[in-house]
Amino acid sequence: MEILGYFSNALEPTNLLLALFGVAVGTLIGALPGLSATMSLAVLVPFTFTMDPASGLVMLGAIYTGALYGGAYAAILVNTPGTPSAIATTFDGFPMAKRGDGALAVTLATLVSVFGGLTGALMLLLLAPPLARVALQFGPAEYFWLAILGLTLIAALSVGNQLKGLVAALFGLMLSMVGVATVGGDLRLTFGTNALIGGINVVAGLIGIYCIPVLFDLVRTADPHLDPPQGSHVAGFRLREAFSILGRNKFNLVRSSVVGTLIGILPGAGGSIASLITYSAAQRASKDKDSFGKGNPAGIIATESANNATVGGGFVPTLVLGIPGTPPDAIILGALLVQGIKIGPTLFTEQAEITYTFIAGLILATLFMLPVGLLIGRYAYRSIASIPKAALVPSIAFLTVVGSYSIQNNWYDVVIMLVLGVIAWLIKEVGYPTSPIALGLVLGSIAEQGFVQTFLIGRAQGDIVGRFFQSPISLFLVTIIVMGLLGPALRSLWKARRRQRHPATEAGRSEASK
Amino acid sequence: MTLLLSNFAPPLCFIALSVFVWTDADRYTALGSVFPRTMAAAMAICSVLILIRSAAVLRANGRTSSPAERGGTESLGRPLSLLVVFGLWLFAMNTIGFIVSSAVAFVALTLIAERETFAPKRLLLIMVVGIGGIVGVAALMSDVLMVPLPRGILF
């Protein structure tokens, strides 16, 4: 009952307006590659210092949740993830937009983002202290395997090209090694230039890897970027169709939201791993596995619900343990500290008013995503589809330059973005997937830190290999990794043997499936 | 020749990269080198496996399909022009200034991307709106978001 009282604080007109403003700004920022939630939060944090603490936090939470959702727009409409969390959304989002279902894809992304965001926020509200203990079970070895799980899952998703996917992921890991070493402080792969000492900025790298190949493809062919079919059946929000698809994918939706929240709890893991794990789970559970990557709505349902669920999950260690899981969490944590709020398990009792108002604001902001997202989405798809290439190409190019420059006000980031983009394009041209490179770059530091720390502990204990496989969580993750890598090969082997043994039955089955 | 190149050149490049990373790790401390070496070894092994598989497919089928071949035979002229404009843009950004270089690059990229019949009015409209957008974004960056853009000798 007391909690409901705190919720009424969040419903004050000022807080409602701030939440609405935050979601709208966050969505637009997230939709533009290079302009991240971290940047917008960092810019707006000082303004919140003069506000009432609860109002300021409501606005920051709204920007964060809106930005994470906004990443889906660029992923679906331009094949470029606005945020790292939206990498997996490109797999099915862009093919859907390409075939004329962009409005449906955006509506689905909006609905499931709201569902995922609410799941994460409700779990934060009801289960924060016990969930925080889960995060403490993850040591260096578990983090290493979690990062490797993300990389192997994306490699395994490269159908028929698993080895190429693995090599691409390893290439991404090597890119993440450039600069000062995470552990040890060595200068690595800098080729004697000062520009590389700081390493390759993840966002600049992502812009290059995704945007530059898109630009090359746009100018290379005369085909339209998107080709929306004409007619009333494809116009509007397509809400009825979206709800019907959600009805068929309800288990996928709930599973992805819960898994997204749980992964969000792990500091550093974030939306990129969550969306990949849930995407892979959705593909495995689906009867129509081959349609994934070709515009299956279930892919968007899995990734978008999971990455928005990580917002609530990420606040669990931030609020209970004072360990921010992501850079935006760290900024919000800083804002909380500036407001004089003491972080820790007692936050939910001693400073319940601000904490619960903040969570209520997060829930409100998530609900605001529905009208804001549907409204923006309705026009975004048509607008992007109607923009001629002669305007789209220079506009995307300009955004890539501004986006990569503004991260650190560094010209070298733009150069690195372009170089990585050209490399990604060449690699794509010779049949290697580029998403594993991006994920390798994102997860590289987590993987290396976990690996080296486990190596050090193992060496001190005299059992390096054992240390990597000691805990049940590590063994569980390793089992999933092995299954992910060997699963497709074993499945096709099993199918081939079955075909040899029962050729007539198998032929009948394949006919029936057609 | 193209088929051989697209199937064998990438894994060979990755093997060369892993050898480079492995040898470069000689300069690092034990802590700094353990991860690069492990990943370099993994990359070399995977690349060798790709080579073996490509050779086996080549032997079995007599030829392998090249992704470039599958993708059609569109000209590379426009992508290369785009790359040149991008390179010049980045170079000019620091020398003549962000706004001017971006405006010039915008015009050049518009012309590269234009596929339809030459329509001066339409192109002019795109350029005017685009350049207006560039000035707007530059103002937003430098005055609101406090991101100082390169000024150069012009602006």
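## Chain B at a glance

Helices (H or I, at least four residues) and strands (E, at least two) are DSSP runs, numbered from the N terminus. Read that way, chain B runs α-α-α-α-α-α along its sequence. The tally is six helices and zero strands. The model is predicted.

Chain B has 155 residues, and 37% of them are buried. Its accessible surface is about 8,400 Å². Carbon and sulfur atoms hold 73% of that surface.

## Helix α5 of chain B

Helix α5 of chain B covers residues 98-113. How far apart are its end C-alpha atoms? They are 22 Å apart. That agrees with expectation, because 16 residues at 1.5 Å a residue should span 22 Å.

Several residues of this helix are buried, including B:F98, B:A105, B:F106, B:L109 and B:I112. What do the buried residues pack against? On the chain B side, the partners are α4 (77-95) and α6 (120-144). On the chain A side, they are α8 (202-220) and α16 (389-406).

## A close look at B:S102

B:S102 belongs to helix α5 of chain B. Its relative accessible area is 1%, so B:S102 is buried. Neighbours within four places in sequence aside, B:S102 is in contact with A:F398, B:W89 and B:I134. The list draws on both chains.

Sequence separation is another matter. B:L58 is 44 residues from B:S102 in sequence. In space, their C-alpha atoms are 47 Å apart.

## Where the chains meet

The contact between the chains involves 63 residues from chain B and 63 residues from chain A. The size of an interface is often given as the accessible area lost when the parts come together. For chain B and chain A, the buried area is about 5,400 Å². Carbon and sulfur atoms give 81% of it. How many salt bridges run between chain B and chain A? The count is zero.

A:F451 shows contacts across the two chains. This residue sits in helix α18 (residues 435-461) of chain A. With a relative accessible area of 9%, A:F451 is buried. Leaving out neighbours within four places in sequence, A:F451 is in contact with A:F144 and A:F468 in chain A, and with B:V34, B:F35 and B:T38 in chain B. A:K495 is 44 residues from A:F451 along the chain, and 37 Å separates their C-alpha atoms.

## Salt bridges

Side chains of opposite charge can pair when their charged atoms come close. Over all chains, the whole structure has eight salt bridges. One of them joins A:D101 and A:R238, with N to O at 2.9 Å. This pair links distant parts of the chain, 137 residues apart. A:D101 is in helix α5 (residues 89-136) of chain A, and A:R238 is in the loop between α8 and α9 (239-248). Buried or exposed? A:D101 counts as buried, because its relative accessibility is 15% and the cut-off is under 20%. A:R238 is also buried, at 10%.

A:R238 has another partner, A:E241, with the closest N and O atoms 3.0 Å apart. A:E241 counts as partly exposed, at 33% relative accessibility. Salt bridges with shared partners join A:R99, A:D101, A:R238 and A:E241 into one network.

A further salt bridge pairs A:K428 with A:D217, the closest N and O atoms being 3.2 Å apart. A:K428 lies in helix α17 (residues 411-429) of chain A and A:D217 in helix α8 of chain A, so the pair ties together parts 211 residues apart in sequence.

## A nonpolar surface patch

Chain A carries a nonpolar surface patch of about 280 Å². Which residues make the patch? They are A:F115, A:V254, A:V258 and A:L262. Helix α10 (residues 250-265) of chain A gives the largest share, three residues. A:L262 is placed in this helix. A:L262 counts as partly exposed, because its relative accessibility is 35%.

How values were computed: Residues numbered from 1 in each chain as written. Chains lettered and ligands numbered in written order. Predicted model: local features only at pLDDT ≥ 70, side-chain atom pairs only at ≥ 80, totals over all residues. Heavy atoms only, no water. Patch = residues over 30% accessible without salt bridge, like charges linked within 9 Å, V, L, I, M, F, W, Y side chains within 5 Å. Areas by Shrake-Rupley, 256 points an atom, 1.4 Å probe, with all protein chains shown as cover. Salt bridge = Lys/Arg side-chain N within 4 Å of Asp/Glu carboxyl O. Buried < 20%, exposed > 50% of the residue type's maximum accessible area, 1.4 Å probe, protein only. Expected span 1.5 Å × (residues − 1). Contact = heavy atoms within 4.5 Å. Buried area = accessible area lost by both parts, 1.4 Å probe.
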